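I'm opening my notebook to jot down what I looked up in this one. Sequence and structure come first, then my entries.

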Amino acid sequence: SSWMMKGLLDHLTGQSPDAKMLRELFVFKVIPMLNPDGVIAGNYRCSLAGRDLNRNYRSKLKSAYPSIWHTKAMVKRLAEEREILLYCDLHGHSKKQNIFIYGC
């Protein structure tokens with residue numbers, strides 16, 4: 001998924017007519033990684049504290065899941081300012097081969 005994120009960022013920041021049009025029409029909020037502390041320790045789902053971030057999006061515990069809490073707060077603030085057209089989660093999966101995209 002890191003390569004997909006790199007490709008997405010390279011495209012969005014590039015000079016192609018499509019990239020320029022996208023930047024003119026939309027605001028992109030990109031969080032390259034919700035789990036940098038866990039990834040640096042070799043985890044792919046869990047934070048450095050051993051908490052599974054993929055299963056706790058409904059948690060309201062800021063201290064236990066700070067990256068989830070701050071992401072949700074940013075999305076809520078953004079929704080008050082403008083319409084959100086897409087939320088896309090790019091990540092690897094423990095049972096699926098390679099990568100997949102989930103968007104809503």
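Predicted model: local features only at pLDDT ≥ 70, side-chain atom pairs only at ≥ 80, totals over all residues.

Before I start: accessible areas come from the Shrake-Rupley method with a 1.4 Å probe, and for residues only the protein chains shown count as cover. With that, I looked up the accessible surface of the chain, which comes to about 8100 Å², and 57% of that belongs to carbon and sulfur atoms.

Residues are numbered from 1 along each chain as its sequence is written, and side-chain values use heavy atoms, with hydrogens and water left out.

**Entry: layout.** I looked up the elements and got four helices and two strands. Helices (H or I, at least four residues) and strands (E, at least two) are DSSP runs, numbered from the N terminus. From that end, the order is α-α-α-α-β-β.

**Entry: burial.** Buried means under 20% relative accessible area, exposed over 50%, and partly exposed in between (1.4 Å probe, protein chains only). Of the 104 residues in the chain, 19% are buried.

**Entry: helix 4.** I checked its length: helix 4 has 16 residues and spans 23 Å from first C-alpha to last, close to the expected 22 Å. The expected span is 1.5 Å times one less than the number of residues. Its buried residues are Ile68, Thr71, Ala73 and Leu78.

**Entry: salt bridge.** Which side chains meet in a salt bridge? I found Asp10 and Lys6, at 2.7 Å, N to O. The rule wants a side-chain nitrogen of Lys or Arg within 4 Å of a carboxyl oxygen of Asp or Glu, and the count comes to one. Both residues lie in helix 1 (residues 2–12), four residues apart, about one turn of the helix. Asp10 is partly exposed at 42% relative accessible area, and Lys6 is partly exposed too, at 41%. Side chains of opposite charge can pair when their charged atoms come close.

**Entry: Ser59.** Where is Ser59 found? It's in the loop between helix 3 (36–40) and helix 4. Is Ser59 buried or exposed? Ser59 counts as buried because its relative accessible area is 17%. Leaving aside neighbours within four places in sequence, I see Ser59 in contact (heavy atoms within 4.5 Å) with Tyr65 and Lys72.

**Entry: Leu86.** I found Leu86 in the loop between helix 4 (66–81) and strand 1 (88–92). Leu86 is exposed, at 58% relative accessible area.
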